[in-house]
Amino acid sequence: MKPILSCREVTQLVSEGLDRRLGFSERVALRLHFAICRSCTNFNWQIGFLRQAMKHLADAESPGKP
Amino acid sequence: MSPPDDFRRRIEQQRAYLLRFARLQLRDRDAAEDAVQETLLAALGAEASYAGRSELRTWLTGILKHKIIDAIRRAGREPQASLDDAEDGAALEELFDPSGHWGAPVPAWRDPDASLEQAQFFEVLESCLAGLPAKTARAFMMREHLGLETDEICKELGITPTNCWVMLHRARMALRLCLEARWFGAQETPRR
């Protein structure tokens, strides 16, 4: 894995991180990128939030449920 | 009221919830009705195995997930007239410049946790889900709604893990954009 990832590559890796266990070098590469990229940091947070929202959607106790 | 009738009534009370759950995944009212009907019948015949071990709704949802996967399997054998893949990927590419950087910065979302308390947010989320291309949506919902692992999804859909990850990624990109446009980006103006 190359040390410098583009934002496009980061978005794919962030998403894959929700579906498989990332390797050590992948996690390091992400951290290095987040340290210098506000957009990808926001993206990472938002994708995590999306998963949380999907959990709520299936959850019986969320608002607006019959 | 005799115990069997009581069980039937308690199961019946969960129908609306189950139907909603099934429709989110299957996107087809009839298929969702069928899956729920099969679930309720299976549950009635399995009262002994329920025995109050878990929440009734949780137990029923577990049965429903299997019925939904059966329905996806059946539908998978039918030919699909979906051309959405190429179109889907092209839209994604437009977010980045040729060097792979964001074309426009990704703004932070203000107080997302508060959104999870609002029914309107979930209406928007459901409508964003409905806007996903069919194949992409099916893979995403299998992952995030049914809670299947990637290898199970690959097996059911007959695709490679890499394909699966690409589809899930596209779904998340599209949903993020949709939520930003229709919910988080609209926060400055009063909501209807």
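Biologist: At what angle do H9(B) and H11(B) pack, and how far apart are their axes?

Modeller: This is a predicted model. In it, the angle between H9(B) and H11(B) is about 95 degrees, and their axes are 9 Å apart. Angles of 65 to 115 degrees count as roughly perpendicular, so H9(B) is roughly perpendicular to H11(B).

Biologist: Which residues in H9(B) and H11(B) meet?

Modeller: H9(B) contributes Lys135(B), Thr136(B), Ala137(B), Ala139(B), Phe140(B) and Arg143(B). On the side of H11(B), the partners are Cys164(B), Met167(B), Leu168(B), Arg170(B) and Ala171(B).

Biologist: And how do the residues of that contact divide into nonpolar, polar and charged?

Modeller: Seven residues of the contact of H9(B) with H11(B) are nonpolar, one is polar and three are charged.

Biologist: Turning to the two chains, how many residues of each are in contact?

Modeller: Chain B has 32 residues in contact with 29 residues of chain A.

Biologist: Which helices of chain B supply at least two residues each to the side that touches chain A?

Modeller: They are H2, H8 (119-130), H9 (134-144) and H11 of chain B. H11(B) gives the largest share, seven residues. By class, the side of chain B that touches chain A holds 19 nonpolar, seven polar and six charged residues.

Biologist: What covers the buried residues of H1(A)?

Modeller: The cover includes helices H2 (24-36) and H3 (38-58) of chain A, together with H11 (161-184) of chain B.

Biologist: Which residues in H1(A) are buried?

Modeller: Among them are Cys7(A), Val10(A), Thr11(A), Leu13(A) and Val14(A).

Biologist: Now the domains. How is chain B divided?

Modeller: Domain 1 of chain B spans 3-76, and domain 2 spans 84-184. The C-alpha centres of these two domains of chain B lie 27 Å apart. Nine residues from domain 1 and nine residues from domain 2 of chain B take part in the contact.

Biologist: Which elements give two or more residues to the domain 1 side of that contact?

Modeller: On the side of domain 1 of chain B that touches domain 2, these elements are helix H2 (15-26) and helix H5 (56-76) of chain B.

Key
Residues numbered from 1 in each chain as written. Chains lettered and ligands numbered in written order. Predicted model: local features only at pLDDT ≥ 70, side-chain atom pairs only at ≥ 80, totals over all residues. Buried ≥ 20, exposed ≤ 12 C-beta atoms within 10 Å, placed from the backbone. Helix = DSSP H or I, 4+ residues; strand = E, 2+ residues; numbered from the N terminus. Contact = placed C-beta atoms within 7 Å. Domains from an automatic or database assignment. Nonpolar A, V, L, I, M, F, W, Y, C, P; charged D, E, K, R; others polar. Axes fitted to C-alpha atoms, helices over the stretch in contact; angles between N-to-C directions. Parallel < 35°, antiparallel > 145°, perpendicular 65-115°, else oblique.
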